[in-house]
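Opening my notebook for this one. I'll jot down what I look up as I go.

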Amino acid sequence: MIFQENETTELKRIVVDDIKKEIIAFANSNGGILYIGVDDSGNITGIHNPDETIQQIANMVRDSIKPDITMFLHYETLNYDGKNITAIHIQRGTERPYYLSKKGLRPEGVYVRQGTSSVPATDTAIRRMIKDTDGDSFESIRSLEQELTFHAAASEFSQREIAFETTQKKTLGILNHDNLYTNLGQLLSDQCTHTIKAAVFETDDQSVFKDRREFSGSLLKQLTDVYDYIDLRNQTHAEFDKLRRIDNRDYPESAVREALLNALVHREYSYSAATLISIYPDRLEFVSIGGLPDGISLDDIMLGLSVCRNPKLANIFYRLQLIEAYGTGIQKIMSAYWRTGKTPQIKTSSNAFKIILPNLNADSRISTEQTPESKMMEQVLSLAKTQGAVTRRDVEDLLTVSQATSNRLIKRMLQYKLLSQQGRGKNTRYTIAQ
């Protein structure tokens, strides 16, 4: 037999540390055979103890390569001209990329076969292998960084008396079945690479900065730190109704909380750009990466439809009692501004989602008088309470308005969770929301 190195054949005279790289490269590529006891020129030098050689290589593989690759290796002892050689047959693995456990999922730890050489994989190649193996779900894909700590997350779980050990991490999706951290784990870790940039501006545009900060670390830590940053600047203004003092904050605390949670839970984390929070004299803006999911419109979101981009992250926030239920955040934001005379705005593009909270104290004090719209809403609620339910035609007759106006009013009351829809088509009725 003639031995010659090529894309699927590697020759080694003796067992050396580089054998691990060759095995990884074959498993990450199209497989191959590694011969021990044959020099680079194809000359058979042989090995003295094939069983000991096989055991030595098996130990190296078990201790130094992740994920577990042993099932894709087959060892064979061959004899040529009275000399023993060991053949290691390496199949293409199903959990690529394989890597040196001490180096991690980085080019210096991941190798691929290129011609007759085993070379470090590029970052792009590593990400492509991960995606091919783990699928398109960002949360479930293996994190490129495996040296993760969870001090902030452990503290949050501990405060709520929820276990946060290996079993729970697997159940939540922080660890996969090979005990490797996923991207979800990376988001919750102290080494999270995604950040939030916050800025306070002197004027209603971005011409003059008063302050700016960038928040990093676990998303759970960012949530707390950013809320405190906004809360410190959420000023309280006092007004008097005769002898009674009324304190009004610039922004309803519940609206700030829900907007911040929305920016963290629903953003697209496969992009590295930071979430942006801007505080102006007249408004507070939250801009997160990622537009609406395919097939979902802004009207759907306003009516309470929830298609969660990061369901595992949302589940963790739910378990930590940070969110109460899926799909209610936008309605809570709108309800927080009920009867204030101001309405939050939501703007979307193909790549971004923006929530704008108006400053209730920006131009004038909060009006104690009802707006025309709120007066009409209270009339509708009164009729619904009396009759048990109302129809669109009831609203038209009650308020002496057009069909279009009654539809807009009912839609707004559904958004504010003042009414609940019962039935469809001609049988549609609206009852007071519970």
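This is a predicted model: local features need pLDDT of at least 70, side-chain atom pairs count only at pLDDT 80 or more; totals for chains, interfaces and linings use all residues.

**Entry 1: a helix pair.** I started with Leu261, Leu264 and Val265 in H8, which meet Leu313, Ala314 and Phe317 in H10. Sorting that contact by class, I got 6 nonpolar residues, no polar ones and no charged ones.

Next I checked how the two helices sit. H8 covers residues 253-265 and H10 covers residues 311-319. Their axes come within 10 Å and cross at roughly 140 degrees.

**Entry 2: another pair.** At what angle do H12 and H14 pack? I found about 80 degrees, with the axes 11 Å apart. Since 65 to 115 degrees counts as roughly perpendicular, H12 and H14 are therefore roughly perpendicular to each other. For my records, H12 is residues 372-387 and H14 is residues 403-415.

Then I listed who touches whom. H12 brings Glu373, Met376, Met377, Val380 and Leu381, while H14 brings Leu409, Arg412 and Met413. In the contact of H12 with H14, I noted 6 nonpolar residues, no polar ones and 2 charged ones.

**Entry 3: disulfides.** How many disulfides does the structure hold? The tally is 0. A quick reminder: a disulfide is a covalent bond between the sulfur atoms of two cysteines.

My cut-off for a disulfide is within 2.5 Å.

I also looked at how accessible these two are. Cysteine 192 is buried, at 6% relative accessible area, whereas cysteine 308 is partly exposed, at 22%.

How values were computed:
Residues are numbered from 1 along each chain as its sequence is written. Side-chain values use heavy atoms; hydrogens and water are left out. Buried means under 20% relative accessible area, exposed over 50%, partly exposed in between (1.4 Å probe, protein chains only). Axes are lines fitted to C-alpha atoms, for helices over the stretch in contact, and angles run from 0 to 180 degrees between N-to-C directions. Helices (H or I, at least four residues) and strands (E, at least two) are DSSP runs, numbered from the N terminus. Angles under 35 degrees count as roughly parallel, over 145 as roughly antiparallel, 65 to 115 as roughly perpendicular and the rest as oblique. Contact means heavy atoms within 4.5 Å. Ala, Val, Leu, Ile, Met, Phe, Trp, Tyr, Cys and Pro count as nonpolar, Asp, Glu, Lys and Arg as charged, and the others, Gly among them, as polar.
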